[in-house]
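Hello,

Here is the structure for your files. Please open it alongside this message; my notes on the aromatic side chains and the surface follow below.

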Amino acid sequence: MMNLRPLMTAKINANDVHFLLDSGAFYSVISQASAAELKLPTYPAPLGFYITGIGGGRASPSIASVKVLTLAGTPLHDVKFLVGGSDIGAGTVGVLGQNVLHIADVEYDLAQGVVRLMKAQDCSKTVLAYWVGTSLPYSAIDVESTTPKKPFTARSAYINGHEIRVMFD
């Protein structure tokens with residue numbers, strides 16, 4: 001964590017980099033300056049494709065393919081990034097979004113400054129809340145499966161008995 005921003009250390013083709021982690025970003029983005037510095041070849045996004053920023057501004061990004069993106073010592077091959085926008089600061093090259101985060105289950109332990117990517121296997125009936133020990137209460141909810149078209153972690157919730165849709169970001 002840097003201030004209140006979750007950062008993740010990674011390697012892009014053997015270059016050490018930092019990303020801002022954003023579970024609400026549908027796709028990973030790298031700034032134009034960082035793509036140039038890392039010597040990543042770019043190509044145009046499909047005609048008419050654009051992204052919208054928080055302030056409502058629109059941009060037509062390029063696309064870069066990273067040969068090897070290494071997270072926590074695990075290499076991921078041919079990872080695509082949108083290229084555009086401005087630098088987001090804090091020494092980062094861009095944002096890691098759902099196209100990378102949805103490859104595994106993600107545990108956000110921001111109080112401890114840790115984000116873990118893991119693949120749970122054969123443990124559907126197992127309590128995975130290892131941090132509670134045997135004496136602390138906990139709760140768990142099922143979330144909807146993600147897909148490339150719906151990459152966000154979402155679920156129904158209730159406020160005063162009324163169902164609402166929530167997205168975890």
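Tyr27 has a relative accessible area of 26%, so Tyr27 is partly exposed; the cut-offs are under 20% for buried and over 50% for exposed. Phe26, at 40% relative accessibility, falls into the partly exposed class too. The ring centres of Phe26 and Tyr27 lie 5.9 Å apart and their planes meet at 45°, so this pair is tilted. Please keep in mind that the model is predicted.

The count of aromatic pairs comes to 2. Phe19 and Phe81 also form a pair: with centres 5.6 Å apart and planes at 10°, they are stacked because planes under 30 degrees apart count as such. Which parts of the chain does this pair link? Phe19 belongs to strand β2 (residues 15–21) and Phe81 to strand β8 (residues 74–83), so the link is between distant parts of the chain, with the two residues 62 apart. Both Phe19 and Phe81 are buried.

Is Leu110 buried, partly exposed or exposed? Its relative accessibility is 37%, so Leu110 counts as partly exposed.

Regards

Key: Residues numbered from 1 in each chain as written. Predicted model: local features only at pLDDT ≥ 70, side-chain atom pairs only at ≥ 80, totals over all residues. Heavy atoms only, no water. Phe/Tyr/Trp six-rings, centres within 6.5 Å; stacked < 30°, edge-to-face > 60°. Helix = DSSP H or I, 4+ residues; strand = E, 2+ residues; numbered from the N terminus. Buried < 20%, exposed > 50% of the residue type's maximum accessible area, 1.4 Å probe, protein only.
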